[in-house]
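Subject: Structure handover and notes

Hello,

Here is the structure I said I would pass on. My notes on it follow below the entry.

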Amino acid sequence: MKPSPSPLIPSNTSLTLPPSLLPPFSPSVSNLLTANCVAQAMQKIDVQNPNVQVINIKKVGTQDRYRVILSDGTHYIQGMLATQLNQLVVDNQLVENAIICLKEFITNVVQDKTVLILLKCEIVSTHPVKIGNPTEVYKADVAAGSSNKPVGGMYDAPPPAPAAGGSSNYSNPYQNQASRSASGGGSAPTGRSGLSSNIIPVSQLNPYQNKWVIKGRITNKGDMRTWNNAKGEGCLFSIDILDASGMDIRGTFFKEDANKWFNVLEVDKVYTFSGGRLKVANPQWNKCKCQHEITFDRSTDIQLCEEDASIQQNIFDFSQIVKLESIEPESIIDIIGVVASISPVTSITAKKTGNELKKCELTVMDDSDAQVNVTLWGKKAETAENEFAGCPVVAFKGLKVSDYGGRSCGTLMSSAILKGPRIPETERIQSWFQNRGANATVKNLSTGGGGAGRVETFESRKTVSAIRNEQLGYNEKPDWLSFKATISFIKKDKEGGPWYPACPNAEEPCRNMCKVISTSDDHWQCEKCNKQYDKCTRRYIFSATFADNTSTCWASMFNDQALALLGGHTADELNEWMQNGDYDKFEKVFDDALFTDWIVKAKVKSELVSEEQRVKTTAYSISPVDYAKESRDLLKAIKGLQ
Ligand SMILES: [Zn+2]
C-alpha cells in the first residue's frame, strides 16, 4: 500500500490492500473497508455507515468498559464501546480483527486525542489478521479541515477541538468546552461568570464525560416515590429537562439528593445543571428524546436561571380530541383543551401492591367539538380540584389512550401537564370555549362504564389465551376483550333443555327476562310482576367452549348470543320439537352450529365459587366472521409486519 502523505485523502480514493495480503483473502473482504473512513469521520464528513476493522479490544478500568482500536487500513483511531455494546464482546461476536459497520457514533476529546464512542454497530465479518499497516490519526492533522457536519446519523456530535493555536470554524452557540475539560487539560467549568460558555446541548451528553453543564427547563417533575425492599429503603423522584435545541433528558435524584432538591426545583423554571452520572436510558420507562439519562448525586449543582424564551415550555404534538376515536389504544398522545369538569377523587386498591391509589377524572374538550375523559393518579388527582378550577386551558403531554368506555386517556408517570401554556393553541381554545353557543353539542368520546360502548377493532382483538395469560378478570371492574374463535362444544344436555322459562311480559319490569315458576295447575307464576300466565317464554342459557389456535375457554351464553349461534331458532321452537319427540331436529340445530367461526366480545370477571376465585367468561355478543373483511384486515396486518 502506498502510504499517504496526510490523512486528508480525497473521499473517492479506494483502499488498495497490500498484494501480500490479497491471497488468500477474497476480494470481497478487502472491499468491505471504505477508504479512509476514520480520517473522514475525524473531519466530520458524512460517512454513511463506514466499515472499519477492530484491531484491538481491551477491557479498561474496574467497570465494564471496552477500549477498541478501529482501523480503515490506512489510519487507526481509539474508540470506546458504549455499555450497550459490551454484550457483543462478552458473546465473542466482537473479536479482534473483526470488521464492523459503524451505525452510530460520536466523537469525544479525551487527553487531547479524539476518541470515537461507538453507540451502534454491526458485525460484518471476522478477519484473520490486521489489514494494512495503519498509522494513528492525530486530531491536529484533521483540525485544519474540520467542518461542522453531524456524523453518525442522528447524533449531532461535538466538533473536534481545534489544534493548539489553530482556529475552529465551528459556529454552534453551544461551545465544546466540557469535553475538552474532561481531559483535565482544559479549564474546568468553575465560577458563575464562565458558566454559560461551558454549556453544552443535551444531545452531547455521554457517559464518558465527567464535567458538563446543561441548561434547560424542567418540563415535568414526578411525585416523590419510596421503595422498601430486601436491599433497603429510600426515595426518589425524576425530572425531565428540555434544552434550547429541543432535546429533553430525564434526570433522577435518590435518597438525600432527592430530599435536598425536591422542594427546590419547580416545573417550568429554567436552571443550569452540572454533576451527575450518565447512563443509557431505558426507553420503556423514559420517553425523553435523549438516549441517555442522568443520575444526579452529591456532586450535582443546580442554579436557577432567568426566564429564557429560547427554551420552549415543552414540545407538544397535539392530537385533536375528535381524532382519538380512530387512534389505537395504548398510543401515547398529547392533547390541549379546556378542563370542563373534574370528578370527585376516588381511591382504588392496586391489585399488585395492595397500595391505595387516588384517582380523578377530568373532562377535557377542544375546538374539534369533542370531549374525552383524562384520568389523573396520585398527587395529581388529589390536587386536581384546586389546580384546574375555572375551566383553564391545559396541555397534556404523553397521555396513554385507552378504549375503556369508548375512548379515554390516562396519565403515566412520564406524562406532563401544563396549565395555560404560552403557545398560540391556548388562545385559540380559550376563545373557542368562550364563544361557542350555549347549546353547542360536544361529542363525548368517553361514554363511560366500559363494555357496550367499546370500539372493537381488528387491531385490538386478542387471542383466547389472553384471558389466562393477561390474568383478565381480577380487577375491580370486569375486563373486556374480543377474539375470533370456533365454537367447539355446546353444553345442551340440561334437563328440560338448555333454557329457562321467563315471564312473557315484554314490558318493565320483566322484559321477558325474569324467571317464572310453574304452578301446580300448569300455569306460570312471575314473582316480579306478580302475575300468573298460561304460557311462558323460554330463553336460552348454556355454556359453550370457544377455541382458537392458542387456547380454549368456556363461555356463558344467553338468549341473544344463542339465537345468533343457532340460526334464529328460538328456545320455544326447540322446546316444542322436544315435546313432540322431534329429537333429530333439535340435535341438528346444535350440530349445524358446531365448528362455526365467530367474533366474540366477552366479559371476564373472577367470582368466588366455593371459596375459590374462578374466572368466568360471558359472551356479550357474537357475530359471524365476515371472511372478505377478515382477509383484508389480515393482509393489512401482514403488510404492517414487513
Ligand atoms: Zn313478570
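This is a predicted model: local features need pLDDT of at least 70, side-chain atom pairs count only at pLDDT 80 or more; totals for chains, interfaces and linings use all residues.

Backbone
Asp 268 is not a glycine, yet its phi is positive, at about 80°. A second case is Phe 595, also a residue other than glycine, with a positive phi near 60°. Phe 595 belongs to the loop between α13 (583–593) and β30 (597–609). Its side of the accessibility scale is clear: with 58% relative accessibility, over the 50% cut-off, Phe 595 counts as exposed.

Aromatic residues
There are 17 aromatic pairs in the structure. One of them joins Phe 316 and Phe 318, which are stacked, with 4.8 Å from centre to centre and 15° between the planes. Are these two residues buried or exposed, or something in between? Phe 316 is buried, because its relative accessible area of 18% falls under the 20% limit. Phe 318, at 23% relative accessibility, counts as partly exposed.

Another pair is made by Trp 499 and Tyr 540: the ring centres are 6.2 Å apart and the planes stand at 65°, so this pair is edge-to-face. It connects distant parts of the chain, since Trp 499 is in strand β24 (residues 499–502) and Tyr 540 is in strand β28 (residues 537–547), 41 residues apart. Trp 499 and Tyr 540 are both buried.

One aromatic cluster consists of Phe 237, Phe 253, Trp 261, Phe 262, Tyr 271, Phe 273 and Phe 296. Over the face of Phe 262 lies Lys 221, at 4.3 Å from the ring centre.

Cavities
Four cavities of 30 Å³ or more are present. The largest cavity holds about 100 Å³ of space. Which residues line it? The lining is made of Asn 220, Lys 221, Gly 222, Asp 223, Arg 225, Phe 237, Ser 238, Ile 239, Asp 240, Arg 250 and Met 413. The largest share, four residues, comes from β9.

Strand pairing
Strand β15 (residues 332–342) pairs with strand β19 (residues 393–402) in the antiparallel sense over six bridges, and Val 338 stands opposite Val 393 in β19. β15 also pairs with strand β17 (residues 356–366), again antiparallel, over four bridges. Here the bridge partner of Val 339 is Val 364 in β17.

An open sheet is formed by three strands in the order β25-β26-β27, with antiparallel pairing. Its edge strands are β25 (516–518) and β27 (531–533), each of which pairs on one side only. Neighbouring strands of this sheet are turned by 30° against each other on average, direction ignored. Between β25 and strand β26 (residues 524–526) there are three bridges, and Ile 517 has Gln 525 in β26 as its bridge partner.

Regards

Technical notes. Residues are numbered from 1 along each chain as its sequence is written. Side-chain values use heavy atoms; hydrogens and water are left out. Two strands pair if DSSP finds at least two bridges between them. Helices (H or I, at least four residues) and strands (E, at least two) are DSSP runs, numbered from the N terminus. Axes are lines fitted to C-alpha atoms, for helices over the stretch in contact, and angles run from 0 to 180 degrees between N-to-C directions. Rings of Phe, Tyr and Trp (its six-membered ring) pair if their centres lie within 6.5 Å; planes under 30 degrees apart count as stacked, over 60 as edge-to-face and the rest as tilted. Buried means under 20% relative accessible area, exposed over 50%, partly exposed in between (1.4 Å probe, protein chains only). A charge sits over a ring if NZ of Lys or CZ of Arg is within 6 Å of the ring centre and within 35 degrees of the ring normal. On a 1 Å grid over the protein atoms alone, a cavity is a set of points where a 1.4 Å probe fits but cannot get out, and a pocket is an open set with protein on both sides within 12 Å along at least five of seven lines; lining residues have an atom within 4 Å of a point. Grid points are joined across faces, edges and corners, and a volume is the space filled by probe spheres set on the points.
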